[in-house]
Amino acid sequence: MISYLSDMDGVLIREGEMVPGADRFLQALCDNGIEFMVLTNNSMSTPRDLSARLANTGLRIPPERIWTSATATATFLSTQVKDGTAYVIGESGLTTALHEAGWILTDADPEFVVLGETRTYSFEAITTAINLIRGGSRFIATNPDVTGPAPQGVLPATGSVAALITTATGRQPYYIGKPNPVMMRSALNHIGAHSEDTVMIGDRMDTDVKAGIEAGLRTVLVRSGITNDAEVTRYPYRPTAVKDSVADLAGNVLEPF
């Protein structure tokens with residue numbers, strides 16, 4: 001049976017509104033008993049919070065169908081160390097995921113420094129992270145995105161702050177979120193799906209399609225986000241298919257190609 005992984009922003013919603021036809025696509029998955037998971041590099045919000053946000057647009061997606069870079073990070077860390085300790089820079093999406101995985105959050109000689117996204121990066125917290133990493137803590141970051149949208153333009157995101165910490169410590173973080181296929185594989189494991197039977201839908205060549213290809217998935221690039229056909233040709237790899245939006249898949253989710 002085919003399964004689907006789908007990016008959220010640019011695929012299901014765009015600028016806070018539902019992409020036309022996204023509801024029909026999701027309904028088709030449910031009607032056919034198809035397993036799916038919605039992926040996002042957003043580490044600030046919990047799956048429950050994102051589920052409520054999506055419901056406000058008209059999309060009914062339960063929290064257990066949403067896989068964030070924070071939940072992927074907590075899952076990855078739990079495979080490395082059981083009941084570990086971490087110093088965390090981030091919002092409730094990240095701290096909740098780590099708490100639920102049994103981790104202790106502390107600034108007293110933690111095994112890991114975990115950097116996520118926040119709208120209010122603290123210079124004091126960054127300084128603490130730098131000194132902990134210099135003292136031997138291992139460095140993890142939820143995702144490599146360098147900017148995020150803001151009313152006044154853009155805000156520095158996880159990747160930008162990680163670069164600052166790297167400059168001060170000489171230590172590169174291990175990024176969990178897209179395009180790392182680790183995030184894809186953990187989502188697949190969560191729903192019991194196999195890569196050879198799964199389709200990844202995204203609107204970005206550099207994260208969604210790249211991660212899908214590296215995880216062994218078939219990939220669909222949709223034009224409803226930030227990527228157009230001209231940009232596709234810039235990359236040395238290609239998606240399996242290019243569609244205008246997920247609405248084009250709604251009528252044939254069992255055989256999308």
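The buried residues of helix α1 pack against strands β1 (3-7), β3 (17-18), β4 (36-40) and β13 (198-202), where contact means heavy atoms within 4.5 Å. Helices (H or I, at least four residues) and strands (E, at least two) are DSSP runs, numbered from the N terminus. The model is predicted, and local features need pLDDT of at least 70, side-chain atom pairs count only at pLDDT 80 or more, and totals for chains, interfaces and linings use all residues. Residues are numbered from 1 along each chain as its sequence is written, and side-chain values use heavy atoms, with hydrogens and water left out.

Helix α1 spans residues 22-31, and A22, F25, L26, A28 and L29 are buried in this helix (under 20% relative accessible area, 1.4 Å probe, protein chains only). Viewed down the axis of α1, these residues fall within an arc of 155°, so they line one face of the helix; the arc is that of the directions from the helix axis to the C-beta atoms.

Helices α5 (residues 123-134) and α6 (residues 158-169) pack at an angle of about 45°, with their axes 10 Å apart. Axes are lines fitted to C-alpha atoms, for helices over the stretch in contact, and angles run from 0 to 180 degrees between N-to-C directions. The contact is made by I126, A129, I130, I133 and R134 of α5 and by V161, L164, I165, A168 and T169 of α6.

N143 lies in the loop between β9 (138-141) and β10 (147-150) and is buried, with a relative accessible area of 0%.

Technical notes
Buried < 20%, exposed > 50% of the residue type's maximum accessible area, 1.4 Å probe, protein only.
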